[in-house]
Amino acid sequence: MLKITSEEIKLITKYIYDISGIYLDESKKYLLETRLNAIAEEQGCTSYQDFYKKVKADASKTIERKIVDAISTNETLFFRDTGPFQLLQHKIFPELIDARSTKTPSLKTNLKIWSAASSTGQELYSVAIVLQELLGDLSKYAIKLLGTDISDAAVAQASSGKFNKFEIERGLARDKLTKYFTPFGQTWKINDQIRAMVNFRKFNLMLPFAGLGKFDVVLCRNVAIYFTLEDRKKLFNKIADVLEPDGYLIIGSTESLTGICPRFIPKRHLRSIFYQLK
Amino acid sequence: MNTMTILVADDDPVIRKLFEKRLKNAGYEVTVAVDGIEAAKLLDATTFDVVITDLVMPGEIGGIELLKIAKEKSVDIEVIVITAHSSVNTAVDAMKKGAVDYLEKPVNFDELFLRLEKIAEVKALLKNAGDLREAMDVTESSAAQTIQDLEIVNSNQQELLDQLEAILSDSRNDEYSRIEQALHLLESR
C-alpha cells in the first residue's frame, strides 16, 4: 500500500476539504490510505504528491468524483433509529397536513421534504414509505421528496432503487420488505410507486442553497459531524433560510445545534427532538 | 471447527447418503430430506445455515421452489443447487433467484467444502459487523439521550437569559423594580 507522508496528508486533506467540505485532520492517516490507495494505484501513482498532481490535472474530474465516493461515509439504513420516523409519522406529518390542507378539494396539499445527505437513499425511501402508510391515497397530495448527496456513486445507487440483501436486512421489517420491494436478481428493487415519489441528485452542502426553494421538512442527519464548526454554523444557517417558517428540521440523534445556530429551538416529542425556527 | 447446520435435499438415496457421510465427517451438522416436500417441512419447523438441493426432484417442490421457500423463510439461509451438467442454464437461473452457488454432478466434495468455508467466512464477517452495529447502536442511543436532554436544558436556560435581559434592560422601569422582576422570574423557575 502506498504510504502517505505528513506533508502529503496536509495537501490531500486540504484538497478533500476544498472539494467536499469534509474535514479530516492528521489523525486520519489510516483512513486516507485505506480509502484512497486503490484509486492512487489505479492511476499508476508512485506517491500521494504524484497523485495530487494527477488529480489537479484531470479536467474531466473523474478522479475527483472517485475520491469523493471513496472518502464519503455511506453508512445508512432503512429507518435508521426509529425515533425520527415515528416523529414524522405521529407528529410532523399530521401537523403539516393539517396546516397545509386547502379548503378547495381540487387543490392538492403540497409537501416538500429534503434529505440533505441522502447517501444511498434509504432515509428518503423510508420517509416515502411512512407517507404512503400514513396517507394511503396520495392523489390529493403534491409531495416532493428530494435527496441530495455529494457522492455520485451514492446518488446513482439511490436513484436505481436497488438494494442488496445486506442493505435490505438492516432496519427493514419483513412486512415492509414484501409490501414495498420486489426481488430483482440478487437485489431488491423498491416498487415504482415509492420510487416515483422521490428524486435524487448530486449536491455539495458547502455551496449556496439558491434555487432549492423552501421545504416543510429538512432531514440533515449525521453529515455535519464531518464538517468544521464554522462550516456547521454556515450549513444550519442556510438550512434555516430554506425552511418554511413552520417547517421542521431533524438532525442526527447524537448531534446538537447548541452554539451552532441560535435561529432554531429544540422541541421534544416522546424520545426524539426536532427543531423549528424561533 | 465447522458449526454450520446444513439441509440436504436429494431424491437419490445413494447421493443423499454420500452427502450425509462426507459433511458429517467434515464436522457439519447435517439433516437430509428425501425430496423438496420433506425439505420444505423441515425448513418450516427449524432453520439451517445452508441448504444444498438437487434442482430436479419428484413432487411439487423442486430445487427452484425450495430455494424460494428457504429465501422467504430467511435471506440468511444460503442455498447451493446441484445440477446435471446439461442443465447449467437452470443453475444460473437459480443463482439469479438468490442461490449462492451451484455444483455440477458428480459432486466434487473438495469443491463443496471450499464453497462452504467461504460461506462460513462471510457469515462470520456479517455476524461481526452485526455485533459492531449493535454496540454502536447502544452507544449511540445512550449518547443521544444525554445530548438531547442537554439540548433542551440549554435551550430553556437560553430562554431564561433572554427574558432576564429583556427585564433588566427595560428602561420603562426603574432599577429597583427591574431587579425585583428579575428575581421574581428566577424564583418562579
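I looked up the domains first: chain B splits into domain 1 (5-107) and domain 2 (136-188), with bounds from an automatic or database domain assignment. Their C-alpha centres lie 66 Å apart.

I noted the conventions. This is a predicted model, where local features need pLDDT of at least 70, side-chain atom pairs count only at pLDDT 80 or more, and totals for chains, interfaces and linings use all residues. Residues are numbered from 1 along each chain as its sequence is written, and chains are lettered from A and ligands numbered from 1 in the order in which they are written.

Next, the sheet. I found 5 strands of chain B in an open sheet, order 2-1-3-4-5, with parallel pairing. Two strands pair if DSSP finds at least two bridges between them. Strand 2 (29-33) and strand 5 (101-104) of chain B each have a single partner strand, so one side of each lacks a neighbour in the sheet. Strand 4 (residues 78-83) and strand 5 of chain B pair over 4 bridges. I picked out B:Ile80, whose bridge partner in strand 5 is B:Asp101.

Then I checked the contact between chains. Chain B and chain A give 12 residues each; residues are in contact if their C-beta atoms, placed from the backbone, lie within 7 Å. Helix 5 (residues 109-168) of chain B gives the most to the chain B side, with 9 residues.

Last, I looked at B:Arg178, in helix 6 (residues 175-188) of chain B. B:Arg178 touches B:Ile167, B:Leu168, B:Asp170 and B:Asn173, not counting residues up to four places away in sequence.

Key. Two residues are in contact if their C-beta atoms, placed from the backbone, lie within 7 Å. Helices (H or I, at least four residues) and strands (E, at least two) are DSSP runs, numbered from the N terminus.
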